[in-house]
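These are my notebook entries on a structure that I had not examined before. I set down what I looked up, entry by entry.

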Amino acid sequence: EKTPLHRAHQAMSKQGARLFKHLGFEVTGMVNNIGLEQELFFIPREAYERRMDLQFTGRTVLGKMPARGQEGCDHYMAPINVVGPAMACMKEIQEQCYKLGIPLKTRHREVAPNQYEFAPEFGSVITQTDQNLVVMQICEEVASKHGLVALLQEKPFSGVNGSGKHNNWSISTLCGAQLLNPGDLTKRSGNPEIFPIVMSAIVAAVDEYGDLMRLAIASPGNDFRLGAMEAPPSVISTYLGTQMTAYLKDFMEGNVYEYKPATTPVDLGVDILPIVHAPAEDRNRTSPFPYGGHRFEFRAVGSSQNVSMVNTVLNAITAKYFATISERIEAGEKAVDVAQDLLKKHSKVIFNGNGYDPKWPDEADKLGITHIDSGVEAINKLVDPKNVAMFKEMGVFDEEECAARREILLEGYIGTIEMEVGCMIDMINQYAIPSAKAAGIDTSAMAEGVTKLKAGLAGIHAATDNFESAKLCRVLRLETMIEVRKIVDGVEAECPANLWSYATYKELLFLDSGKFK
């Protein structure tokens, strides 16, 4: 994963310096900085050891929701319990990471019960990518010392939020000028036209290569997160905020001036409290790639992912459009004219509305914005001719490398679903059916479900290639497995607790509330 990231970062640096030279601001290169918000669950190890599915796949394939979930937002808003095992575990994780030069700046609860988050200082994408892999390993190792298990999978529990890894992304020159900070960039370059030109390149890149951005987040766990009111939808758009959007519209229409975002005073109506000044661009939590002031945030990244591919894509597509603008300048066009033309063609990808609105995917389809619900179909975009051509031009991948990575991603997807289905079959046969029989509950529907699951697996194994097999896996996972799960979870709801043999959600999800047996 690391070599392509180096290649893409190098391409972004070279093409960025090339473009800036045309704009009268000579720099020796550029660096991509990122900050990763790592979400995860901590659960009791004793309960984990009574869940085959969690041990083998990282997520629960069966299990009914308890009476309490995340309805009150109390887990998100409350401080970490200082006498519980989670706080001691998180403190030790921070200490161990700090000894290795990894400053985890924040720790806090997240939305779902037993869900938490760490976030480090911003740093170079090359370093931060490696350090995040170390953080995930340390989380898993330290958790076991505290009687816990760290779950990094994107959707370990149905019915509550899953986990992401928000990839905060920015670029600076080697001399320190921040490309996404309009005031800093204009001050250091002396040219207020550079910022809108940079933004035009990024907007165009997101529009043309949204399919690659969707590919970059196509992990098996994200099947259950994207568009589920907990993560952005599978429509790849960008949020810029009202002021930025209006400014770029003016720029596109020929009104060229310096962008100076204004703050909005908020009077709380209490004399002893100061007036709060809200920034121009707030994070839009429903957008997959919002501008949040001085950086973009790729919110759709999955919690278990190695972010190398994510940032390989972001750097490569940005480099491509830096190069495109340079080529047109070298052919005789003016830089501002090129940027205005790009915005006219690609500004449709800017969406400042509610990404969770059920109407938005259909509207995006009409606009021609990337919308790929299936992670399997997204993986296949790696070998799309336009994407192969871009990667080759930027020196990131050749045809063989694109094809090989497609196969590896598909094989990984297939293997994940095979394990999940196998766990579901075994848990029904070895645990759910015996428990139900002991309680005098009819088990015929569960037995029929097992037959359907086995037939689905047989179909996957009979497929002629990995792409067809992966498509069948997705159907089995998102249709048949969910159908069978409803049957088994319904039986769990009827079965006396003392007869149910695998750990329930009540036992798994409430560290701070005592044990449920």
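**Entry on the source.** I note that this is a predicted model, in which local features need pLDDT of at least 70 and side-chain atom pairs count only at pLDDT 80 or more, while totals for chains, interfaces and linings use all residues. Residues are numbered from 1 along each chain as its sequence is written, and side-chain values use heavy atoms, with hydrogens and water left out.

**Entry on the overall form.** I looked up the secondary structure and found 19 helices and 11 strands (DSSP runs numbered from the N terminus, H or I of at least four residues for helices, E of at least two for strands). The C-alpha atoms fill a box of roughly 80 × 65 × 45 Å along the principal axes.

**Entry on helix packing.** I returned to helix 16 and helix 17 (residues 444-462), which pack at an angle of about 160° with their axes 10 Å apart (lines fitted to C-alpha atoms over the stretch in contact, with angles from 0 to 180 degrees between N-to-C directions). Helix 16 is therefore roughly antiparallel to helix 17 (over 145 degrees; under 35 is roughly parallel, 65 to 115 roughly perpendicular and the rest oblique).

I then took helix 16 (residues 399-438) with helix 18 (residues 466-494), whose axes come within 10 Å and cross at roughly 25°. Helix 16 and helix 18 are therefore roughly parallel to each other. Their crossing is left-handed. The contact of helix 16 with helix 18 has 17 nonpolar, three polar and seven charged residues (Ala, Val, Leu, Ile, Met, Phe, Trp, Tyr, Cys and Pro count as nonpolar, Asp, Glu, Lys and Arg as charged, the others, Gly among them, as polar).

**Entry on the largest pocket.** Which element gives the most to the lining of the largest pocket? I found that helix 16 does, with seven residues. The pocket holds about 520 Å³ of space (an open set of points on a 1 Å grid over the protein atoms alone, with protein on both sides within 12 Å along at least five of seven lines; lining residues have an atom within 4 Å of a point). Its volume is the space filled by probe spheres set on the points, which are joined across faces, edges and corners. Of its 23 lining residues, Ala218, Ser219, Pro220, Gln305 and Leu409 lie nearest the centre. By class, the pocket lining has 11 nonpolar, nine polar and three charged residues.

**Entry on the cavities.** I counted two cavities of 30 Å³ or more (sets of points where a 1.4 Å probe fits but cannot get out). The largest cavity has a volume of about 80 Å³, and its lining includes Leu36, Phe118 and Val135. Helix 6 supplies the largest share of that lining, four residues. The second largest cavity contains about 30 Å³, and Trp169 and Phe289 are among the residues that line it. Its lining has seven nonpolar, one polar and no charged residues.

Conventions. A crossing is left-handed if the near helix is turned anticlockwise from the far one by less than a right angle, and right-handed if clockwise.
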